[in-house]
Amino acid sequence: MKLSSWVLIFLLCNLTFLSTISAFRLSRSQPTERISGSAGDVLEDNPVGRLKVFVYELPSKYNKKILHKDPRCLNHMFAAEIYMQRFLLSSPVRTLNPEEADWFYVPVYTTCDLTPNGLPLPFKSPRMMRSAIQLIASNWPYWNRTEGADHFFVVPHDFGACFHYQEEKAIGRGILPLLQRATLVQTFGQRNHVCLKEGSITVPPYAPPQKMQSHLIPEKTPRSIFVYFRGLFYDVGNDPEGGYYARGARAAVWENFKDNPLFDISTEHPTTYYEDMQRAIFCLCPLGWAPWSPRLVEAVIFGCIPVIIADDIVLPFADAIPWEDIGVFVDEKDVPYLDTILTSIPPEVILRKQRLLANPSMKQAMLFPQPAQPGDAFHQVLNGLARKLPHERSVYLRPGEKLLNWTAGPVADLKPW
Amino acid sequence: MKLSALHQSYLNRRSNSFRSPTSLDSSVDGSGKSLIAVFWLILHCLCCLISLVLGFRFSRLVFFFLFSTSSTNLYSAPFRPDLPVKHLDVHTIGRNLDPGANGTVAMATATKSSRVVVGRHGIRIRPWPHPNPVEVMKAHGIIERVQKEQKTIFGMKSSKMVIAVTPTYVRTFQALHLTGVVHSLMLVPYDVVWIVVEAGGATNETGLIIAKSGLRTIHVGIDQRMPNTWEDRSKLEVFMRLQALRVVREEKLDGIVMFADDSNMHSMEFFDEIQNVKWFGTVSVGILAHSGNAEEMVMSMDKRKEMEKEEEEESSSLPVQGPACNSTDQLIGWHIFNTLPYAGKSAVYIDDVAAVLPQKLEWSGFVLNSRLLWEEAENKPEWVKDFGSLNENEGVESPLSLLKDPSMVEPLGSCGRQVLLWWLRVEARADSKFPPGWIIDPPLEITVAAKRTPWPDVPPEPPTKKKDQMPLSQGNTVVVIPKQQQHATKIRKPKRRSKKNKHEPRPTDTTTQVYSSSSKHQERN
């Protein structure tokens with residue numbers, strides 16, 4: 001009797017010990033918390049074996065030649081489309097047999113036509129996309145089988161598949177008609193907006209992982225900046241009067257807090273930008289011309305709590321990551337009271353947010369490392385695609401049924417590329 | 001590109017403004033139209049004038065607001081008269097694009113109209129856009145809490161007290177050196193006990209300097225006076241340090257003993273690193289063997305270059321003294337400062353104008369756990385000699401004499417790769433005098449006349465205690481300047497200041513006793 005009770009006690013002790021170990025993820029010795037979003041604890045799921053992806057072999061004029069013409073595309077914030085193709089080509093989820101594929105990927109680089117300054121011009125992108133779809137529709141039967149409902153595209157531009165950098169024009173164009181049934185992997189996300197369709201997967205913008213890794217400072221450096229932000233408040237070139245850019249939110253931040261010592265905000269470009277973020281508690285991530293920005297990725301990597309000022313924004317992997325618990329959301333109308341809002345957050349909540357941010361799976365999910373690592377953004381995209389399986393019956397069209405209008409859209413888009 | 005949007009909005013504005021007067025006037029006939037045009041012109045002129053006065057663009061659309069009953073949404077800001085928001089009917093546009101035969105999915109998204117509207121919004125500014133002190137305090141509370149958490153996670157779990165041992169004696173450079181140590185120790189984030197051993201007895205002068213630190217100090221005096229040669233001085237310093245170690249033993253101080261020579265410079269990382277020592281550790285010390293003579297330095301550098309050219313295979317000599325490790329980070333020996341280039345040319349007397357060389361192994365590069373010195377301490381290792389039975393006459397050169405087995409020393413600072421402190425010896429001439437406590441009291445005996453006084457004729461006033469004296473080159477009138485006059489000159493002739501400054505550093509060939517030796521030292525240093 002005595003021996004068995006001792007054994008029981010011993011086992012119980014072991015269990016509690018192990019459970020505390022699993023509750024802590026000691027990477028760089030900071031205690032963290034597990035992240036579970038509305039889809040559950042899915043950040044560490046492995047997509048291999050849960051889906052098969054077939055990658056179309058498009059002529060190189062759709063991808064390689066464009067990249068060759070302008071290799072800057074590899075480093076700007078829209079580079080996810082290029083790295084996604086590279087990842088899929090060498091991933092175990094790739095299949096060479098299209099009959100057994102669950103998802104089809106079309107590698108077309110629509111965001112690689114850059115101005116001398118490095119900004120992508122989207123004017124030819126609809127035609128490029130159309131031409132690519134026409135190609136796959138005529139050479140393979142899989143597009144017509146579902147009219148693209150089991151195909152996915154990566155459209156990382158400002159307003160996704162609306163293919164314009166200006167919001168009004170983008171809304172006017174709407175999503176490209178041919179992509180109405182396909183799954184779009186995009187950085188833009190705003191609720192009740194034309195350019196975000198149901199079932200899209202929001203991804204973070206590309207941020208260079210090595211560059212950020214090389215600017216890490218010792219974790220014990222005390223965080224002494226309360227709020228940090230570097231960027232434009234007024235876009236004098238395009239919106240001299242203010243009120244248009246960022247819906248006036250950035251200008252409101254400046255006007256209300258420019259003399260507040262707690263707010264380290266300015267338009268300068270310091271060389272210590274990444275290091276400063278690691279010394280800050282809150283990092284502002286307000287909208288610009290589009291609601292998303294690489295600041296979110298940088299804030300997560302550097303452990304700075306993101307303060308998101310963008311009404312109705314949909315953040316990356318919103319079903320896998322509980323952003324409400326991790327970041328602070330401030331309505332645009334409440335910007336003048338930002339200091340009150342931030343100082344009234346209880347310290348325990350702030351510490352919890354920092355613990356969630358310290359979770360390495362959180363940081364991995366925001367990055368596009370080369371070569372791909374488990375849990376990174378590529379895998380989260382595949383997890384998202386896997387969660388949409390199995391396809392509904394309505395995906396497969398009856399023979400002769402046509403849902404897409406191939407002649408819809410502005411006339412200029414119908415010209416061949 | 002984006003400019004076209006602005007142009008479009010501008011056109012919209014124009015059309016809006018022309019729409020309003022038609023809604024105002026009920027009767028639209030020919031005469032009415034010309035009246036309207038004239039009225040609009042007058043309004044335009046009025047608005048231009050108002051803008052001139054106010055200094056910013058006064059929008060005519062204020063009148064549009066006042067009179068129109070349009071259904072446009074307005075996001076009004078309290079201070080700025082702003083333009084109306086273009087309410088793009090997302091609702092209808094979405095439906096227009098909807099290909100007729102498409103599924104219900106697209107219809108569903110188009111029927112929800114967005115709460116967020118594109119267009120020009122007001123910039124919201126609250127009535128008093130300045131920091132609120134209560135909130136600033138709350139924010140600082142948050143910052144403190146976050147930093148406390150960081151400390152508990154990343155910082156030291158339990159930090160040991162730092163016991164600093166400094167041998168010193170009263171001389172011209174004492175204030176300079178000791179103030180540096182005071183500031184370094186004040187910045188140390190751990191508890192500090194500072195044992196200051198003074199040659200020539202414990203004086204008030206030293207006591208005043210160390211009292212300013214606010215740290216717990218133990219001021220010990222020994223009767224011997226500091227000798228005049230570097231060799232004898234280092235021997236006496238060894239004796240003084242051993243005295244301090246005896247104090248540690250008697251008081252049973254518990255912490256980490258480090259040797260803070262008063263002319264050394266310590267980095268803050270040094271204090272963090274020595275917390276890792278278990279029993280006896282060593283760090284790398286940067287050796288700054290400096291001679292006051294600039295020519296000497298150049299010569300020795302040239303010589304070193306020659307030597308390097310001749311013996312290319314020999315590794316370059318770094319001015320570092322510290323542990324040498326093999327590839328598995330185990331201690332295999334010590335790097336010692338190469339004294340060969342200075343052979344025969346090093347300083348013998350304290351005020352020699354030559355390079356001052358360190359001993360073979362400087363004490364400042366070693367740290368030890370104070371329990372090594374106690375009579376009885378648990379877990380005391382066997383490779384340590386008992387401190388109480390140490391025989392000084394056998395010659396204690398370096399702290400290694402306290403150990404039986406020098407290979408058990410722990411190398412700190414990533415095995416000596418980090419140089420955490422610097423060794424330097426700089427002293428004034430033996431006969432240099434300085435005002436005690438560095439307070440000029442009573443006033444100077446001899447004052448030097450000024451040359452071409454730039455300030456207006458001032459009757460010479462009797463010297464007062466608080467005034468500025470400036471060494472100026474030869475002239476006719478007396479130099480004493482009371483403070484009030486100085487301010488007057490500041491206001492009236494600011495340019496003269498620079499002239500005066502130019503004169504200052506040039507030393508006088510005559511004769512204030514106080515300045516002579518220090519000015520000569522200025523030439524050398």
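What is the relative accessible area of A:R247, and is this residue buried or exposed?

Modeller: A:R247 is buried, with a relative accessible area of 6%; buried stands for under 20%, exposed for over 50% and partly exposed for values in between, with a 1.4 Å probe and protein chains only. The model is predicted, so local features need pLDDT of at least 70 and side-chain atom pairs count only at pLDDT 80 or more, while totals for chains, interfaces and linings use all residues. Residues are numbered from 1 along each chain as its sequence is written, chains are lettered from A and ligands numbered from 1 in the order in which they are written, and side-chain values use heavy atoms, without hydrogens or water.

A:R247 belongs to the loop between β6 (225-230) and α8 (249-257) of chain A. Helices (H or I, at least four residues) and strands (E, at least two) are DSSP runs, numbered from the N terminus. Although A:R247 is not a glycine, its phi is positive, at about 50°. A:F163 also has a positive phi, of about 55°, without being a glycine. That residue sits in the loop between β3 (151-154) and α6 (167-173) of chain A, and A:F163 is buried, its relative accessible area being 2%.

The backbone of chain A also holds cis peptide bonds. One joins A:Q370 and A:P371, with omega about -5°; A:P371 lies in the loop between α14 (360-365) and α15 (377-387) of chain A. Another cis bond runs from A:L389 to A:P390, with omega near -5°, and A:P390 is placed in the segment after α15 of chain A.

Over all chains, the whole structure holds 31 aromatic pairs; rings of Phe, Tyr and Trp (its six-membered ring) pair if their centres lie within 6.5 Å, with planes under 30 degrees apart counted as stacked, over 60 as edge-to-face and the rest as tilted. A:F78 and A:W292 make an edge-to-face pair, 5.9 Å centre to centre with 85° between the planes. Because A:F78 lies in the loop between α2 (64-69) and α3 (80-89) of chain A and A:W292 in the loop between β8 (280-286) and α10 (295-301) of chain A, this pair ties together parts that are 214 residues apart in sequence. A:F78 counts as buried at 4% relative accessibility, and A:W292 is buried at a relative accessible area of 12%. A:F368 and A:F378 likewise form an edge-to-face pair, with 5.2 Å between centres and 70° between planes. Here A:F368 comes from the loop between α14 and α15 of chain A and A:F378 from helix α15 of chain A, 10 residues apart. A:F368 is buried, with a relative accessible area of 1%, and A:F378 is buried, with a relative accessible area of 1%. Elsewhere in chain A, one aromatic cluster is formed by A:F54, A:Y56, A:F104, A:W140 and A:Y142.

The buried residues of α13(A) are A:I350, A:L351, A:K353, A:Q354, A:L356, A:L357 and A:A358.
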